[in-house]
Amino acid sequence: MSQNLIQTLNDLLVNELTASNRCLAHAELCDEHGYGRLLEAHERRAQEEMAHARALIGRLISLRARPQPARPDPVAVDVDIARQIRGDLQASEATVAGYHQGIQLAVEAGDQGTRELLENILREEQEQLSWLQSQANQVERLGLQGYLRQQA
Ligand SMILES: [Fe+2]
């Protein structure tokens, strides 16, 4: 078993938990401001991130490694929606890169099961990334106020 791969799975796990916290915080802020559409999108993302975390924990257990989900990174909650989107976009790009790295390590370790799991999660991460890119484009095209009017 590759210790490098185990460490990477644990890093990805912490990243998923951090992402889930961030989406929940954003959902709550959007709720407070009446941006119902954005609230629902962030809630769905939070659930998806939680499902990714569970899948990684399951994989670590099946590899007889200890999942270490205890310390997600601190989340800087931004009340500015445009900055939220930019921050999420950056985090999402880093997450996609992290899964590519994990897949590479799984390939090197000859671990087909982990590779398939990470590829499946990566597909969902890429969908999130493209959703965030589309939100950032809309903010640019419509201006923040125009974008927010569509989110009520
Ligand atoms: Fe995720």
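Predicted model: local features only at pLDDT ≥ 70, side-chain atom pairs only at ≥ 80, totals over all residues.
1. Overall fold. The protein has four helices and zero strands. Read from the N terminus, the order of elements is α-α-α-α. The radius of gyration is 16 Å, close to the 15 Å that the globule rule gives for 152 residues, so the protein is as compact as a globular protein of that length.

2. Box and burial. Along the principal axes, the C-alpha atoms of the protein fill a box of roughly 50 × 25 × 20 Å. Of the 152 residues, 30% are buried.

3. Contact range. Take the contacts between residues at least 6 apart in sequence. Of these, 75% join residues at least 24 apart.

4. α3 against α4. Helix α3 covers residues 81–108 and helix α4 covers residues 112–149. Their axes are 9 Å apart, and the packing angle is about 160°. Angles over 145 degrees count as roughly antiparallel, and α3 and α4 are therefore roughly antiparallel to each other. The crossing of α3 past α4 is left-handed. By class, this contact of α3 with α4 has 18 nonpolar, eight polar and six charged residues.

5. α1 against α3. Helix α1 takes in residues 3–33. The axes of α1 and α3 come within 10 Å and cross at roughly 160°. That makes α1 roughly antiparallel to α3. The crossing of α1 and α3 is left-handed. By class, the contact of α1 with α3 has eight nonpolar, nine polar and three charged residues.

6. Residues between α1 and α3. From α1, the contact uses N4, L5, T8, L9, D11, L12, N15, A19, R22 and H26. On the α3 side are Q84, D88, A91, T95, G98, Y99, Q101, G102, L105 and A106.

7. α2 against α4. The axes of α2 and α4 come within 11 Å, crossing at roughly 170°. α2 and α4 are therefore roughly antiparallel to each other. R45, E48, H52, A55 and R59 of α2 make the contact with T114, L117, I121, E124 and Q128 of α4. By class, the residues of this contact of α2 with α4 divide into three nonpolar, three polar and four charged.

8. R64: a backbone point to check. Most residues other than glycine have a negative phi. At R64, phi is positive, near 60°, and the residue is not glycine. R64 sits in the loop between α2 (36–62) and α3.

9. L144. This residue lies in helix α4. L144 has 15 C-beta neighbours inside 10 Å and therefore counts as partly exposed. Which residues does L144 touch, not counting those up to four places away in sequence? The answer is I81, A82 and V139.

10. L144 and A41. These two are 103 residues apart in sequence. In space, L144 and A41 are 17 Å apart, C-alpha to C-alpha.

Terms used
Residues numbered from 1 in each chain as written. Axes fitted to C-alpha atoms, helices over the stretch in contact; angles between N-to-C directions. Helix = DSSP H or I, 4+ residues; strand = E, 2+ residues; numbered from the N terminus. Parallel < 35°, antiparallel > 145°, perpendicular 65-115°, else oblique. Left-handed = near helix turned anticlockwise from the far one by under 90°. Nonpolar A, V, L, I, M, F, W, Y, C, P; charged D, E, K, R; others polar. Rg over C-alpha atoms; globule rule 2.2 N^0.38 Å. Buried ≥ 20, exposed ≤ 12 C-beta atoms within 10 Å, placed from the backbone. Contact = placed C-beta atoms within 7 Å.
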